[in-house]
Amino acid sequence: MIKRRPLIWGKKTYKDITDDICELIETAPGPKYYMALLGAKSVFLFYLAVMGTIAYTGMGLMGVNSPVGWGTDIITFVFWIGIGHAGTLISAVLFLFRQKWRTSIARTAEAMTVFAVMTAGIFPLLHTGRPWLAYWLLPYPNQRGPLWVNFRSPLVWDVFAVSTYATVSLVFWYVGLVPDLATVRDRSKGVWRKRIYGALSLGWTGTGRNWNNYEMVYMLLAGLSTPLVLSVHSIVSFDFAVSQLPGWHTTIFPPYFVAGAIFSGFGMVVTLMCLIRALVPKFKHYVTLDHMEVMNKIIMATGMLVGYAYGSEFFIAWYSGAPYEQYAFINRAVGPYAWAYWIMITCNTLIPQIFWWPKARRSIPIMFTVSIFVNIGMWFERYVITVTSLHRDFLPSSWGMFKMTFFDFGVLFGSFGMFFTIFLLYLKGLPAISIAEVKPVLSVGREEGDKIDVHQ
Amino acid sequence: MSINNIVTKLENLLRSETKSCFVGIWTDEHQMIAAATKVREHGCKEFDCITPFPMHEVDEAVGISRSIIPWVTFFAGLAGCGFGLWFTWWVSAVNWPLNIGGKPMWSLPAFIPVIFELTILFAALSSVGAMFALNGLPKVDPPVIDPDLTCHKFAVYVLESDKAYDKAAIEKIFSDHGAETIKMAEI
């Protein structure tokens, strides 16, 4: 019989779990945390300045122009939305498949989803050039006719998909937090601390009837989030696929985008988990090397899925016999943006192959490096899709090039500051591992012989 | 008046009424489940367990039936779907019909993504709303019987208003199953 390895290391008791996870909230974090927060916050301030300048002066500061009308904003929007998908996959899809290892990483992965979608949401608004009129995207009765939105437009589908995704992810994450916030409330000493966590926990007591309804709603949200997450990146891909442009107008886009999203999202989860393990050594007992190994396997599998999609695109372009379609793909691989294309191929399909070796899957430095490459590669994937298709379309007389300016680099770099600032504040303020979900899996993989008393 | 006083007054104003109950507290969940089963056999109805994490054994021991939330989800999803269908049709074909690329005014296939998202949104938010309503959340500052009940301890409580409430008998069940603490409390 194949023995299950324990999910939680270190022979913990229920009380140990609560103590370990709450420690970060209840004590002053070390200098490493403050250094990280200071760095992230500085980049965030820089981001605000760059965005403010763009909003005040105008979109001319950025590289978008004819013929490349979609630039860094759309590329980075798709990048961040994709990052979010792994969080929902871990919290919802793995929950439905009863994958118990998800419990240790679900909370932080979901938090990553919420923050990544927040970061992503800013980009399309900035791209409109007049972010103060963002509410025009929503259908509401107005004095202009009323002039409604065009429900046939993929961009309107995107507004609905992303805002629904943001709302449902936030609610799902918060529902998961409620019992843990009650735990923090009951442990807190100070009056205000008790009040704040008491208010956030909504007065949760944890009776059997409470848990019965709670578990039901958790499962329903998981069941609703699963088709939702697939729909969101499908709809993001419709932004491209519904147009008539060679390189965009392909039926493979929805599954290809979803696979890429999960791939990049797991890359980011591994990056964040490596950082958390370094920042809070106690979490190594919860987010163990076994967890990291499973995630690395998923990275390799989804990396090969996107590799297959890259190959399939080329095959279909050749097989279609359409000269424009064929040119679009040859231009990607050997044209002026070949460097971006080959960065994408290297980072997304070649580098993750190192995970065939178990040693590489279980080595923190290697997986951290690979996860960074995955993130770089997936940003370049969206760059290649967006820019190479737009810069040379049907008429050679209207061909052109896309050049990123300081402001393009500024928003791209700055968005990481926003994401990491919120993420670090979350680590300090909320339980970063789901206390109530980890406790029931404590007995998994514990042998009868060393069955220790979980009650102490 | 300091902020502290204002908040305390506000809390007192919003706090719901509590009921008194008889509680046994364990650190071993199996003993607690056994005690809960016995309390149910004794004939109590208004009793429940308090656990730091969800336990399926509690549903059986206390006799909690399947949650009705899935019905809320279903009908809310249906409502979201219906609303989406009606709204996209009314906007595009009735209130302000615009000829866009010669497409039909009511181009249903193109409206499906929006209708789908509205279905999910209505279903998800209503389910969470139903969970809050059924659990009586949010509750302002409910009494905490024992702070360890959200950490590593397990409790069974019987409301005094229960028809089969018999303090001596329940106390015997609790102590027979090795309850650590047995006391009266508010919930």
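Residues are numbered from 1 along each chain as its sequence is written, and chains are lettered from A and ligands numbered from 1 in the order in which they are written. Because the model is predicted, local features need pLDDT of at least 70 and side-chain atom pairs count only at pLDDT 80 or more, while totals for chains, interfaces and linings use all residues.

**Stop 1: where the chains meet**

Show both chains and colour them separately. The contact takes 53 residues from chain A and 54 residues from chain B. Two residues are in contact if their C-beta atoms, placed from the backbone, lie within 7 Å. Now select the side of chain B that touches chain A. The elements giving it two or more residues are β2 (47–50), α3 (56–62), α4 (69–95) and α5 (108–135) of chain B. Helices (H or I, at least four residues) and strands (E, at least two) are DSSP runs, numbered from the N terminus.

Which element gives the largest share of the side of chain B that touches chain A? That is α5(B), with 16 residues. By class, this side has 35 nonpolar, twelve polar and seven charged residues. Here Ala, Val, Leu, Ile, Met, Phe, Trp, Tyr, Cys and Pro count as nonpolar, Asp, Glu, Lys and Arg as charged, and the others, Gly among them, as polar.

**Stop 2: α4 of chain A**

Select residues 102–127 of chain A, which form helix α4. The helix has 26 residues and reaches 36 Å from its first C-alpha to its last, close to the 38 Å expected at 1.5 Å a residue. The expected span is 1.5 Å times one less than the number of residues. Of the 26 residues of α4(A), 23 are buried, so the helix is largely enclosed by the rest of the structure. A residue is buried if 20 or more other C-beta atoms lie within 10 Å of its own, exposed if 12 or fewer, and partly exposed in between, with C-beta atoms placed from the backbone.

Step just past α4(A) to A:Gly129, which takes a positive phi of about 85 degrees. Continue to A:Pro146, in the loop between α4 and α5 of chain A. A cis peptide bond joins A:Gly145 to A:Pro146, with omega about -5 degrees.

For another cis peptide bond, go to A:Ser66 and A:Pro67, where omega is about 5 degrees. A:Pro67 is in the loop between α2 (31–57) and α3 (72–96) of chain A. Most residues other than glycine have a negative phi, and most peptide bonds are trans.

**Stop 3: α5 and α6 of chain A**

Select residues 154–187 (α5) and 191–200 (α6) of chain A; the two helices pack at an angle of about 160 degrees, with their axes 8 Å apart. Axes are lines fitted to C-alpha atoms, for helices over the stretch in contact, and angles run from 0 to 180 degrees between N-to-C directions. That makes α5(A) roughly antiparallel to α6(A). Angles under 35 degrees count as roughly parallel, over 145 as roughly antiparallel, 65 to 115 as roughly perpendicular and the rest as oblique.

To see the contact, pick A:Leu181, A:Val184 and A:Arg185 of α5(A), then A:Lys194, A:Tyr197, A:Gly198 and A:Leu200 of α6(A). These comprise four nonpolar, one polar and two charged residues.

Next, select A:Ser188 in the loop between α5 and α6 of chain A. Beyond its neighbours within four places in sequence, A:Ser188 is in contact with A:Arg193, A:Lys194 and A:Tyr197. With 19 C-beta neighbours inside 10 Å, A:Ser188 counts as partly exposed. Its C-alpha is 8.1 Å from that of A:Glu26, 162 residues away along the chain.

**Stop 4: α9 and α11 of chain A**

Select residues 289–320 (α9) and 338–350 (α11) of chain A, which pack at about 140 degrees with their axes 8 Å apart. The two helices are therefore oblique to each other. A:Gly303, A:Met304, A:Val306, A:Gly307 and A:Tyr310 of α9(A) meet A:Ile345, A:Asn348 and A:Thr349 of α11(A).

**Stop 5: two loop residues**

A:Leu202 has a positive phi of about 60 degrees although it is not a glycine. A:Leu202 lies in the loop between α6 and α7 (208–241) of chain A. In chain B, B:Asp141 is also not a glycine and has a positive phi of about 50 degrees. B:Asp141 lies in the loop between α5 and β3 (154–159) of chain B.
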